[in-house]
Structures are given as C-alpha cells and as structure tokens.
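Here are my comments on the model you sent. They are set out as numbered points, to be read next to the structure.

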Amino acid sequence: MTDYTRLARVVCVATGKGGVSKTSLTANAAGLAAAAGHRTLLIDLDPQGDLSDDLGYFNHPGLDDGRHLANAMLGGGPLQAVLTDVRPNLDVIPGGEHLSDVGGALLARQARGRATFDLLAECLAPLAGEYDLVFIDTPPTDDTLQLLALSASRWLLIPTKADTSSIRAIQRIAARVAEARSEAHALDILGVVLIGVPTAATRVRASAADDITRLLGDVAPLFDHGIRDSAAVARETRNQGILVHELAEKVEGAEPFWKSLRDPSVAPQRLPGSAPALADDYVRVTEQLLLRIDELEHDTIGVA
Ligand SMILES: Nc1ncnc2c1ncn2[C@@H]1O[C@H](COP(=O)(O)OP(=O)(O)O)[C@@H](O)[C@H]1O
Ligand SMILES: [Mg+2]
C-alpha cells in the first residue's frame with residue numbers, strides 16, 4: 001500500500017499540450033524554491049529530457065537518460081536522487097529515452113490484469129519525505145506517463161497559453177485528474193498559470209480566466225501573475241544551461257554592452273535585458289504556488 005502522506009508535497013506540472021512552458025516553469029519554480037532554502041527534488045518524467053537544458057546538467061557524467069527512473073518504476077525498486085546538488089538544495093532524477101518503454105510495458109501488464117498506475121507513487125513515497133518539495137515535469141501526450149505522474153502527486157499546476165487549443169488541453173488533463181484521484185489519494189489542482197501574456201494585459205487575462213472557469217468551475221483559479229513572453233531570454237537560458245533568475249543576476253551585474261567596443265578583440269556579450277522582468281514573474285508565480293499549498297493544507301486540516 002502506498003503511503004500517500006509521504007507524497008503530500010509532490011507537485012505535478014502538466015497539461016495536455018506541448019510547447020506551453022511546462023518544462024521551463026517546472027525548472028524555474030523548483031530552482032527558485034531551492035534557492036529560497038526548500039529542499040527540493042525534481043523528477044523529469046519526459047522521454048525528451050528537456051529539463052537538462054534548463055538546468056545545464058546535459059554533460060553531467062551521472063546523466064542516465066531516465067534509466068534509473070524507468071527501472072525503479074518497472075522493477076519496483078526504491079527511487080534515489082540520481083544527480084545531487086545540481087544547485088544548492090536541488091536534486092534531480094533525470095528523464096530521457098528510457099522512459100519511452102514504460103508506457104508499452106505497463107500496457108502489456110495491464111493486458112495480463114496486473115497493471116496499476118501507482119508504480120511511481122510506490123517507489124517515490126519512501127524518498128519524497130526527505131524533501132520539502134518534489135516537482136514532476138511531464139510529457140504532453142503520453143497518457144500513461146501522465147497518469148503515473150498524477151497518481152504520485154498531491155498537487156497539479158497547469159501552465160497554459162491563452163489560445164483556444166491550449167485552453168482545450170486543460171480539459172484533457174482535468175479528465176486525467178479524475179482518473180488518478182481515489183479515496184486514498186487526494187489530488188487537487190493548485191491553479192492555472194497563464195504563459196506568454198504580460199500580467200498587465202488585463203483584457204486577455206480576463207477572457208482566459210472566463211474560459212478556464214467555464215472549463216473547470218472554480219476548482220482551479222488562475223494565478224494572479226502570469227509569465228510574460230520572452231523568446232530571447234528563453235533561448236539564452238537554455239543555451240547557457242541556467243535558470244531565468246540566474247541570467248537576471250548576470251544581466252544586473254553586467255558591464256554596459258557598449259564597453260566591449262573599447263576592445264575590438266572581445267566579442268560583445270549581449271544579455272537580454274528582459275531577464276530580470278521574467279525572473280520577477282517566476283518569483284511571483286512560485287510565491288503564489290507555495291502560499292496556495294500552505295493555504296490548502298490548512299483548509300484540509302481545518303476540515304478534518
Ligand atoms: N516565457 C517564455 N517566452 C518565450 N518562449 C518561452 C518562454 N518560456 C519557454 N519558452 C520557449 O518555449 C518553448 C517550449 O517551452 P518548454 O518549457 O519546453 O515547453 P513544454 O515543456 O510545455 O513543451 C521552448 O523553446 C522554450 O525555450
Ligand atoms: Mg517539456
């Protein structure tokens with residue numbers, strides 16, 4: 001039997017669509033929480049393993065392309081942090097190609113009547129209690145991996161863009177939530193984070209909020225702050241393998257760009273000036289995420 005109390009601080013970041021900043025949000029929220037002193041574990045459940053770009057561990061000798069994670073789930077072994085101290089307070093269990101076998105293996109077991117979707121929950125429970133927060137990044141379309149992630153999570157955070165196809169994708173993940181939830185396993189939606197829209201764009205936000213309320217009722221509020229669009233920062237952070245707040249620190253400490261003109265042998269380093277603003281968005285979203293978990297934990301205790 002899975003001990004769900006040990007999974008009380010597991011946050012799954014998911015929606016039924018790719019390219020909506022799931023991975024960027026997971027990496028930056030986890031990185032900020034860790035930087036603020038929360039002991040944090042990051043699990044990459046995506047066969048694409050994109051988190052390695054955001055955190056820059058793609059050349060780490062311990063990188064295993066999801067082998068440990070896949071083996072633990074399918075073999076029932078205990079899960080361990082594969083990369084420790086990727087940043088202070090931040091450990092990672094990497095994803096990658098080995099995870100693409102998991103869905104097929106699980107379906108085969110299901111055909112023999114022996115499949116359950118709590119494989120991740122079971123092998124994560126002993127480890128999760130060692131952390132203040134655990135984040136799971138998920139693939140957009142692999143139903144099996146999504147269900148494994150949701151079945152191991154207490155909370156779901158949904159990033160979305162404002163377009164109709166991204167909003168429809170929320171409906172797909174909400175249906176998964178209903179499948180993953182059970183009497184023994186509480187799973188609540190923390191909220192929806194609007195991506196690519198400046199917080200000041202009140203009309204777009206209001207219309208997205210209407211759409212989301214129509215889909216989800218008031219079970220999942222739209223976060224007060226969104227994440228603005230900044231292709232330059234997104235590209236530069238992944239090129240350098242650093243998080244947005246880390247790039248922002250570089251920008252704030254950088255010499256004015258024109259100074260490189262003094263020495264023509266030095267290639268000018270252009271750092272995108274919007275990094276501090278985007279970092280601020282991530283800080284506000286992460287703050288709200290932590291507050292909301294606190295609030296909901298309080299409510300639950302109050303009701304019990
Ligand atoms: N705030 C942003 N503004 C512009 N582009 C972004 C932003 N956040 C992420 N991106 C870019 O969008 C693409 C998809 O982001 P990603 O986090 O990988 O999404 P997902 O995990 O949902 O597929 C990536 O190329 C990423 O660099
Ligand atoms: Mg991704």
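**Notes on the pocket, the ligand and the sheet**

1. Helix α9 gives the largest share of the lining of the largest pocket, namely five residues. Please keep in mind throughout that this is a predicted model.

2. Which other helices take part? Along with α9 (231-240), both α1 (22-35) and α11 (275-303) supply at least two residues each to the lining of the largest pocket.

3. The lining of the largest pocket counts 31 residues. Those nearest the centre of this pocket are Gly19, Val20, Ser21, Ser24 and Arg238. The space in the largest pocket comes to about 520 Å³.

4. Next, the ligand. There are 14 residues around ligand 1, and Gly19, Lys22, Thr23, Ser24 and Ser230 come nearest to it.

5. Which side chains have an N or O atom at 2.8 Å or 3.0 Å from an oxygen atom of ligand 1? Lysine 22 has such a side-chain atom at 2.8 Å. For arginine 238, the distance from a side-chain N or O atom to an oxygen atom of ligand 1 is 3.0 Å.

6. Arginine 228 takes part through its backbone: one of its polar backbone atoms is 2.8 Å from a nitrogen atom of ligand 1.

7. Now the sheet. Seven strands form an open sheet in the order β3-β4-β2-β5-β1-β6-β7, and the pairing is mixed. At the edges are β3 (83-87) and β7 (188-194), each of which pairs on one side only. On average, neighbouring strands of this sheet are turned by 25 degrees against each other, direction ignored.

8. How do β2 and β5 run relative to each other, parallel or antiparallel? Strand β2 (residues 40-44) and strand β5 (residues 133-137) are parallel, and five bridges join them. Within this pair, leucine 42 faces phenylalanine 135 of β5, standing opposite it. In general, strands of a sheet pair through backbone hydrogen bonds.

Key:
Residues numbered from 1 in each chain as written. Chains lettered and ligands numbered in written order. Predicted model: local features only at pLDDT ≥ 70, side-chain atom pairs only at ≥ 80, totals over all residues. Heavy atoms only, no water. Pairing = 2+ DSSP bridges. Helix = DSSP H or I, 4+ residues; strand = E, 2+ residues; numbered from the N terminus. Axes fitted to C-alpha atoms, helices over the stretch in contact; angles between N-to-C directions. 1 Å grid on protein atoms, 1.4 Å probe; cavity = no way out; pocket = protein on both sides within 12 Å on 5 of 7 lines; lining within 4 Å. Points joined across faces, edges and corners; volume = space filled by probe spheres on them. Near = heavy atom within 4 Å. Polar contact = N/O pair within 3.5 Å; in protein donor to acceptor, adjacent residues only side chain to side chain.
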